[in-house]
Amino acid sequence: MLRRIFMAAVLLCSLAGQGMAQERFITLASTTSTEQSGLFGHLLPMFRAETGIWVRVVAVGTGQALKLGERGDADVLLVHDRLGEDKFVAEGFGIDRRDVMYNDYVLIGPKDDPAKVKGVKDVAEAFKRIGAAKAAFASRGDDSGTHRSELRIWKAAGVDVKAAGSGWYRELGSGMGPTLNTAAGMNAYVLADRGTWASFKNRQSLAIVLEGDKALFNPYGSILVDPARHSGIKSADAKAWHQWLTGPKGQAAIAGFKIGDEQLFFPSAK
Amino acid sequence: MHDLAAALSTAASLVSSLDPRVLAVVSLSVQVSGGAVVLAALIGLPLGAALALFTFPGRGAVVVVLNACMGLPPVVVGLAIYLLLSRAGPLGELGLLFTPTAMMMAQTVLVLPIIAALSRQVVADLWEEYGEQLRSLGAPRGSVVLTLLWDGRFSLLTAVLAGFGRASAEVGAVMIVGGNINGVTRTMTTAIALETSKGDLPLALALGLILIGLVTVVNAAVFMVGQAAKRGMG
């Protein structure tokens, strides 16, 4: 009996091991926004066909992705928080940060627009109105790149959201998708990246109320985790990805990714 | 109502078309959770029985801690295993982070207290009933453990199934140590969480229905094996 159970355990473990048949792979820590938009589903097969390297994407918030890089749990990062990225490199965790692409944030809100934001061009002014109207606002509250950008806009608008208490300003501590789900449920304004919004299906009465302000620019950077800090970093293959993504083929592939007719990311490597 | 109907029809078409991505996710879920339950049973059943039969100072405290561990939060277990397996952690050299093996480890930790605590109770009850008899036969404690485990096998099966239910339903631990990597560490529960994030609620619910169906099938199979075994004994 015990023997049979043991054999079953061994069999199960080896079966689970089959999923690991991709022998040559790197781990990419990236953001939920890029994963959920479907960009990686578009890029990774092309890269794999060319190089034979599988890219395993762990999609988390930018803050957590940088943390994974610090601990050596990823080989390369694709994130969007310029200040955090520069700090990561300056502290010696990463090397060779490169621009990859950008998209933009959009301000989403209820169609009936209680804070009268529609028609405003300046996002800081829009945030000021939301704060003045005490209209419900759903914040990521998860130290992601989007959350960090949102906090910078509140600062520019001169609204102290920390003092807002738990009334109209609601910190959800979730990824972009769950935050949009919640915002749809409580008819709240929310700052979202265009990619996640474009592929988001549960919109209910939400729509874009403001877009196009330069302050909503959202640049993504690729950073190699410094292989000198941890053993086991796959630096050669990670570098191949890093160079492909910022090279002509990767850049063309980024430009070619569309949902419907809408291009979601714009290549920006120099 | 509309969403529920959409979920039902999505689930039906995913199952009937044997969607390869869904099959891969389902089979990984079964392997990870099944493997974790087998490992936890191998350790937990003898451990629970031993706790029931052997008296030692502080046994009460051990039992309380074990029972409390039935409520271990998956996210916390995931975090602990992550810190253990992270390249910056003590077992980082093994390169196990973001693999199904890591997920199985985390779920084993979650399931083990459930199986051990429940089987301790089952064996303790049997021991109360038959202890005197077994003692008068002069059987050594070691073989008494096996006898009582065998005697209580139908109740213990329920303990193991409770463990399987816990493993197959949890998302917090496998999300952290597995990373929800497409095609490598994406299970039913992490896929459901992902589709919910994308706002594709019917698809998320459809996957949920498939998961519930799967767990039901496993329970039905175990139930039927149990019934057949009981009949066999006459």
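This is a short walk through a two-chain model, with chain A, chain B and the contact between them.

The model is predicted, so local features are taken at pLDDT of at least 70 and side-chain atom pairs at pLDDT 80 or more, while totals for chains, interfaces and linings use all residues. Residues are numbered from 1 along each chain as its sequence is written, and chains are lettered from A and ligands numbered from 1 in the order in which they are written.

Confidence comes before anything else. The predictor gives the complex an ipTM of 0.81 and a pTM of 0.85. For chain B the mean pLDDT is 92, and 99% of its residues reach 70 or more; pLDDT is the predictor's confidence in each residue, from 0 to 100.

Now chain A. How many helices and strands does chain A have? It has eleven helices and twelve strands. The C-alpha atoms of chain A fill a box of roughly 65 × 55 × 40 Å along the principal axes. Of its 270 residues, 47% count as buried. Buried here is 20 or more other C-beta atoms within 10 Å of a residue's own, exposed is 12 or fewer, and partly exposed is in between, with C-beta atoms placed from the backbone. Taking contacts in chain A with a separation of 6 or more, 76% are between residues 24 or more positions apart. A contact is two C-beta atoms, placed from the backbone, within 7 Å.

Look at strand β3 of chain A, residues 76-79. Which of its residues are buried? A:V76 and A:L78 are buried on one side, and A:L77 and A:V79 on the other, which leaves both faces covered. β3(A) pairs with strand β1, residues 25-31, in the parallel sense over three bridges. With strand β9, residues 217-225, β3(A) runs antiparallel, joined by four bridges. Pairing requires at least two DSSP bridges between the strands. A:V76 takes part on both sides: it is the bridge partner of A:L28, and it stands opposite A:L224 in β9(A).

Next, A:T62, which lies in helix α4 of chain A, residues 62-70. Why does A:T62 count as buried? Because it has 28 C-beta neighbours inside 10 Å. Beyond residues up to four places away in sequence, A:T62 touches A:T31, A:V79, A:H80, A:D81, A:G84, A:S144 and A:G145. That list includes A:V79, one of the buried residues of β3(A). A:T62 and A:A29 are 33 residues apart in sequence and 8.6 Å apart in space, C-alpha to C-alpha.

Last in chain A is helix α10, residues 235-246. Its twelve residues reach 16 Å from first C-alpha to last, close to the 16 Å expected at 1.5 Å a residue; the expected span is 1.5 Å times one less than the number of residues. Buried in α10(A) are A:A238, A:W241, A:H242, A:W244, A:L245 and A:T246.

On to chain B. An unreviewed UniProt entry places "domain: ABC transmembrane type-1" at residues 26-222. Positions are in the numbering used here, feature names are shortened, and such annotations may be inferred rather than shown by experiment. In the model that stretch is 79% helix and 0% strand, with end C-alpha atoms 19 Å apart. UniProt, again unreviewed, also lists "transmembrane region" at residues 34-54, 61-85, 97-118 and 201-225. Residues 34-54 are 95% helix, and residues 61-85 are 80% helix.

After it comes B:L18, with a positive phi near 50 degrees.

B:P202 lies in helix α10 of chain B, residues 201-233. It is buried because 20 other C-beta atoms lie within 10 Å. Leaving aside neighbours within four places, B:P202 is in contact with B:D3, B:A6, B:A7 and B:T10.

Finally, the contact between the chains. It takes 29 residues from chain B and 30 from chain A. On chain B's side, α2 (20-53), α5 (100-137) and α9 (188-197) each supply at least two residues. α2(B) gives the largest share, eight residues. By class, that side has 13 nonpolar, 13 polar and three charged residues. Nonpolar means Ala, Val, Leu, Ile, Met, Phe, Trp, Tyr, Cys and Pro; charged means Asp, Glu, Lys and Arg; the others, Gly among them, are polar.
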